[in-house]
Each structure stands twice: as structure tokens, then as C-alpha cells.
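This report describes the overall build of a protein chain and then a few selected sites within it. The sequence and structure are shown first.

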Amino acid sequence: MAHIPKLLSIAGSDPSGGAGVQADLKTFSAFGCYGMAAITALTAQNTQGVTASYPVAPEIVAAQIEAVLSDISPDAIKIGMLATPDIAHAVAKTLARHGARNVVLDPVLVPTQGVSLASAGLEAALVSSLPPLARLVTPNLHEASALTQTPLATSAEEMAAQGRLLCAAGAHAVLVKGGDLEGEPVDVLFERGEMRIFRGRRVPTRNTHGAGCALSSAIACELAKGAPLIDAIATAKAWLEGALEAADQLRLSKGRGPPHHFHALWR
């Protein structure tokens with residue numbers, strides 16, 4: 001029997017299915033992987049915004065992760081919403097104890113619409129505890145600004161400078177996502193002192209809810225399969241572009257719907 005890559009999502013729950021754990025599990029399945037999940041928070045949200053967020057007790061988050069890692073060894077781990085500093089520290093301690101590998105950290109701080117998904121001090125807790133464990137950190141422009149305490153980047157060079165700061169905090173590599181820049185989207189990878197630019201095409205759709213979750217999860221899937229980081233990012237970006245192109249076919253909601261995670265299967 002062929003080896004099935006195994007991935008663990010550590011993230012919050014989105015009951016509408018477009019972001020968080022639900023988006024991660026869909027992405028894992030779309031890439032032919034076996035998905036598992038440890039839930040860090042319950043949210044009340046849909047495609048129109050977040051109305052409430054309820055963090056899970058840190059010891060319960062740690063227990064979920066411990067239960068998985070003591071039985072099943074993931075080939076990669078995707079970390080999304082952590083909600084509180086205590087949860088961030090609990091996750092870091094548990095993963096470090098188990099020597100977790102291929103960790104992709106996608107910091108979730110502020111939703112596009114609605115209440116905050118992060119309590120005070122989370123930025124500092126993330127920077128102090130998780131970057132050394134991460135193979136890749138994938139902040140968007142606003143998250144990179146918050147984590148590095150620098151102004152919002154407006155160019156690839158400024159994005160690379162923020163990546164450099166996060167690498168100085170211990171991250172092996174940082175992909176700053178520039179989807180909010182004017183013009184065509186540009187993502188900037190900073191690794192081992194060097195900058196690499198990934199250019200894309202802006203897809204004309206409003207259905208981008210959970211696109212960041214999907215991209216980081218797709219990268220984690222490719223890392224789990226043994227792909228080099230640059231190839232993993234390129235493959236994930238191409239897949240997400242297809243998911244965004246097909247998103248309007250779903251016709252799900254009144255707000256910003258999700259990408260079509262299974263577009264390749266529905267073609």
C-alpha cells in the first residue's frame with residue numbers, strides 16, 4: 001500500500017466551512033492526504049464576518065495534540081488560529097517535546113470582517129515561541145506588520161525586510177503574502193538570507209474567504225510529500241489560483257464565499 005501523507009491542523013473552527021480547521025481538512029483531502037485536527041477555538045462566523053470567538057482551554061488544546069502525536073506521526077503540521085498567548089505557548093511546548101517536523105505557521109490575528117480572533121499579547125507570544133519550530137511562516141501583509149512591529153509593507157523589498165526580522169526570531173523561512181497589494185499579487189519568500197518573489201494573477205472573484213488557510217495547508221501537503229519548499233509554494237499557489245477561478249461555481253453564500261477546494265475533482 002502506498003504511503004498516505006498525514007497532516008495535523010491546529011486551528012480554530014469555522015462553522016461555515018470556508019476557513020480554519022474545516023478549510024484545512026478540505027485542502028488535505030484535495031491533495032490526497034489524511035487529515036487530523038486539534039481545535040483551538042470555537043468561532044461564530046460565516047462568509048459575512050466573525051461575530052464571536054471562544055478560545056479552548058490551553059490544556060485541552062495540548063491534550064488534543066498529545067493524543068494525536070502519541071499515536072500518529074504527522075508528516076506535516078499546519079498551525080492557524082491560536083487565539084491566546086497561553087494557547088500559543090502550550091502548542092509550542094507540545095510540538096517541541098515531540099520533535100514536530102514540516103510545521104507551517106499561518107498566524108491568524110485579524111479577520112477581514114468582524115471581531116478580533118486574537119487576544120492581547122498574542123503577537124509577542126507567537127514571535128517568542130513558534131518561529132524556531134516552523135519550517136515556514138506565512139503571514140499576510142497585516143500580520144507581518146503586526147508580528148514585526150513595522151509599518152505595512154508596500155513593496156517586495158519591505159516584505160522581504162519583514163521576513164528577515166521573523167527569520168531573526170528563529171523561523172527557517174518566511175513567505176509574506178502580498179494579496180492586498182495593488183496590482184497583480186506578489187508573495188515574497190525570505191530564506192537563508194535571500195529573497196525570492198512569486199508572482200501570480202489576480203482572479204476576479206469576491207470568494208476568497210479562507211484563501212490564506214488553504215494556501216498554507218496546500219504548502220504543508222506538498223512538504224509532507226517531500227517536495228522542496230520552493231516547489232511546494234509554487235504548486236500550492238497554482239492550485240489556489242484554480243480554486244479561486246472555480247469559486248463562483250459554488251454559489252454558496254451572501255458574502256465572501258470560499259475557494260473551490262475540490263475544483264480539480266469537479267472539472
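Helices and strands are taken here as DSSP runs, with helices of at least four residues and strands of at least two, numbered from the N terminus. The model is predicted.

## Overall architecture

The protein chain holds nine helices and nine strands. Its radius of gyration is 17 Å, close to the 18 Å that the globule rule gives for 267 residues, so the chain is as compact as a globular protein of that length. The C-alpha trace spans about 45 × 45 × 40 Å along its principal axes.

Of the 267 residues, 54% are buried. When contacts between residues at least 6 apart in sequence are considered, 69% join residues at least 24 apart. The chain exposes about 11,600 Å², and carbon and sulfur atoms supply 55% of that area. The chain has 21 positive and 23 negative charges, whose mean positions are 4 Å apart.

## Asp-24 in helix α1

Asp-24 belongs to helix α1, which covers residues 20–30. Buried means under 20% relative accessible area; Asp-24 has 0% relative accessibility and therefore counts as buried.

The side chain of Asp-24 forms a polar contact of 2.6 Å with the side chain of Ser-217. Leaving out residues up to four places away in sequence, Asp-24 touches Ser-9, Ala-11, Lys-78, Cys-213 and Ser-217. Asp-24 also lies 14 Å from Ala-224, C-alpha to C-alpha, although 200 residues separate the two in sequence.

## Ala-220 in helix α7

Helix α7 (residues 211–224) contains Ala-220. This residue is buried, with a relative accessible area of 0%. Residues up to four places away in sequence aside, Ala-220 touches Leu-7, Ala-76, Lys-78 and Val-104.

Ala-220 and Met-36 are 184 residues apart in sequence, and their C-alpha atoms are 13 Å apart in space.

## Helix α5 and its surroundings

Helix α5 (residues 141–148) is largely enclosed by the rest of the structure, because six of its eight residues are buried. The buried residues are Leu-141, Glu-143, Ala-144, Ser-145, Leu-147 and Thr-148. They pack against helices α4 (122–129) and α6 (156–168) and against strand β7 (173–178).

Both ends of α5 have features of note. Just after the helix, Gln-149 takes a positive phi of about 55°.

## Asp-187 in strand β8

Asp-187 is placed in strand β8, residues 186–191. With 5% relative accessibility, Asp-187 counts as buried. A polar contact of 2.8 Å links the side chain of Asp-187 to that of Lys-237.

Neighbours within four places in sequence being set aside, Asp-187 is in contact with Met-159, Leu-175, Val-176, Lys-177, Gly-178, Gly-179, Arg-196, Ile-197, Phe-198, Leu-215 and Lys-237. Met-159 falls within α6 (156–168), and Leu-175, Val-176, Lys-177 and Gly-178 fall within β7 (173–178). These two elements, α6 and β7, are also packing partners of the buried residues of α5.

Note on methods: Residues are numbered from 1 along each chain as its sequence is written. This is a predicted model: local features need pLDDT of at least 70, side-chain atom pairs count only at pLDDT 80 or more; totals for chains, interfaces and linings use all residues. Side-chain values use heavy atoms; hydrogens and water are left out. Buried means under 20% relative accessible area, exposed over 50%, partly exposed in between (1.4 Å probe, protein chains only). Contact means heavy atoms within 4.5 Å. A polar contact is a pair of N or O atoms within 3.5 Å; within protein, one must be able to donate a hydrogen and the other to accept it, and residues adjacent in sequence count only if both atoms are side-chain atoms. The radius of gyration is taken over C-alpha atoms; the globule rule is 2.2 Å times the number of residues to the power 0.38. Accessible areas come from the Shrake-Rupley method with a 1.4 Å probe; for residues, only the protein chains shown count as cover. Lys and Arg count as positive and Asp and Glu as negative; His and the chain ends are not counted. The place of a charge is taken as NZ of Lys, CZ of Arg, CG of Asp or CD of Glu.
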